[in-house]
Amino acid sequence: MSLYAMIRPMLMAMEPEKAHRLTIAALKKGLGPRRHVEDSTLRMKLWGREFPNPLGMAAGFDKDAEVIGPLFDMGFGFVEAGTVTPLAQPGNPQPRVFRDFANVSIVNRMGFPGRGLEAFAANVAAWRRANPNPPGVLGVNIGINKETKVPFEDYKKGIEKLAALADYIVVNVSSPNTPGLRDLQAKDDLELLLTGLIAVRNSTGHDPQLLVKVAPDLGEGQRAAIAGLALAHHLDGLVISNTTVTRPPALAAELKGEAGGLSGALLKDISLEVLRDFYRLTEGKIPLIGVGGISSTDDAYARIRAGASLVQVYTGLVYHGPRMVEDILTGLGKRLRDDGFTSVRQAVGADNAPPARKEAV
Ligand SMILES: Cc1cc2nc3c(=O)[nH]c(=O)nc-3n(C[C@H](O)[C@H](O)[C@H](O)COP(=O)(O)O)c2cc1C
């Protein structure tokens, strides 16, 4: 029996954030599992970077970049640490994370608690020093402080501090728990923000890829506008999606009134549809990271076939534990080969040919 299997009942009985703190502490102590699925079919090159597999840890799990190494040891091909804000801040009052066991879902309104950019960067730098040949790709997710007046300045600080340390940087404009944040997804605001941040990235002398993480609750027009911006400004990628502020009827009644973002199984169909739409809108030209409700090989493979080059998980890991990483990857390699693919890349968008490709066949 794995350590996780033994302690799972205890973790599930605990207040969710306490369970999370304990998990992080255990991982820091080296008590996490070590599992690697070696499978050449899963290896991939994207942005000139080598991914041992396309499954990543989503943002929000390792907010202070404390357990990057242990997450790679779990078998992830890439890790996205953060969201980090320039200054340390406490986040929203607790309780602020709520489980819906029956629906394998979570509502959270954390509000970017964390130790701030200095501590985060020091942790990433320490991990880099200890891992001159890193086992996978490291992304960081940057946000803004609650009290900030000029969001651009906060993102700029994040990029300037982390450009030398991160392989890719995600501009988070989609968390529902920082007032005004999601408004930055409006076309003109986003264009101004992105052109500014691309210039900041270019001025650092480093070349981390720059991505934007979007909400699943965007209307059709907003999606088209963001896809257009991504194409026009040669954005390196989009992360699709963050949590939803919608409340599907199936959600546990006692959670319907809790403010925050919904993740997990109840988000799955929503984020899959948004991803599918963005793949079409960006004509398959922009790498997409699919995230939201993924907890099985089927889920991950469907996301890839809908257009994701990479996929991430968070809530699934909370309910199913670290074994899920190995299970997803073992199944994914097999599924790809069964369908005649020799690489992940060949399967990307297989169910969702963009219009240009459709016309060609
Ligand atoms: C407790 C919790 C905290 C999160 N914090 C962040 C965060 O800081 N930044 C971010 O971009 N996404 C955050 N997310 C969203 C996840 O990265 C992911 O986009 C979302 O949960 C959907 O994936 P999932 O259904 O696999 O969890 C958080 C999610 C949860 C459940």
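Trainee: Is Arg 21 buried, partly exposed or exposed?

Mentor: Buried means under 20% relative accessible area, exposed means over 50%, and partly exposed lies in between, with a 1.4 Å probe and protein chains only. Arg 21 has a relative accessible area of 47%, so this residue is partly exposed. Arg 21 belongs to helix H2 (residues 16-28); helices are DSSP runs of H or I with at least four residues, numbered from the N terminus. Keep in mind that this is a predicted model, where local features need pLDDT of at least 70, side-chain atom pairs count only at pLDDT 80 or more, and totals for chains, interfaces and linings use all residues. Residues are numbered from 1 along each chain as its sequence is written, and side-chain values use heavy atoms, leaving out hydrogens and water.

Trainee: How should I read the packing of two helices?

Mentor: Two packed helices are described by the angle between their axes and the distance between those axes. Axes are lines fitted to C-alpha atoms over the stretch in contact, and angles run from 0 to 180 degrees between N-to-C directions. Take helix H6 (residues 187-203) and helix H7 (residues 220-232): the angle is about 20° and the axes are 10 Å apart. Angles under 35 degrees count as roughly parallel, over 145 as roughly antiparallel, 65 to 115 as roughly perpendicular, and the rest as oblique. H6 and H7 are therefore roughly parallel to each other.

Trainee: Which residues make the contact between H6 and H7?

Mentor: Contact means heavy atoms within 4.5 Å. H6 brings Lys 187, Leu 190 and Glu 191, while H7 brings Ala 225, Ile 226 and Leu 229.

Trainee: And how do H7 and H9 lie to each other?

Mentor: The axes of H7 and helix H9 (residues 265-281) come within 9 Å and cross at roughly 45°, so these two helices are oblique to each other. On the H7 side, Arg 223, Ala 224, Ile 226, Ala 227 and Leu 231 meet Val 274, Asp 277, Phe 278 and Leu 281 of H9.

Trainee: How many residues does the largest nonpolar core have?

Mentor: A nonpolar core is a set of buried Ala, Val, Leu, Ile, Met, Phe, Trp, Tyr and Cys residues joined through side-chain atoms within 4.5 Å. The largest here has 95 residues, and Leu 162 and Phe 278 are among those with the most contacts inside it. Not counting residues up to four places away in sequence, Leu 162 touches several residues, including Val 84, Phe 120 and Ile 169. Another core, of 9 residues, lies apart from that one, with Ala 19 and Met 110 among its members.
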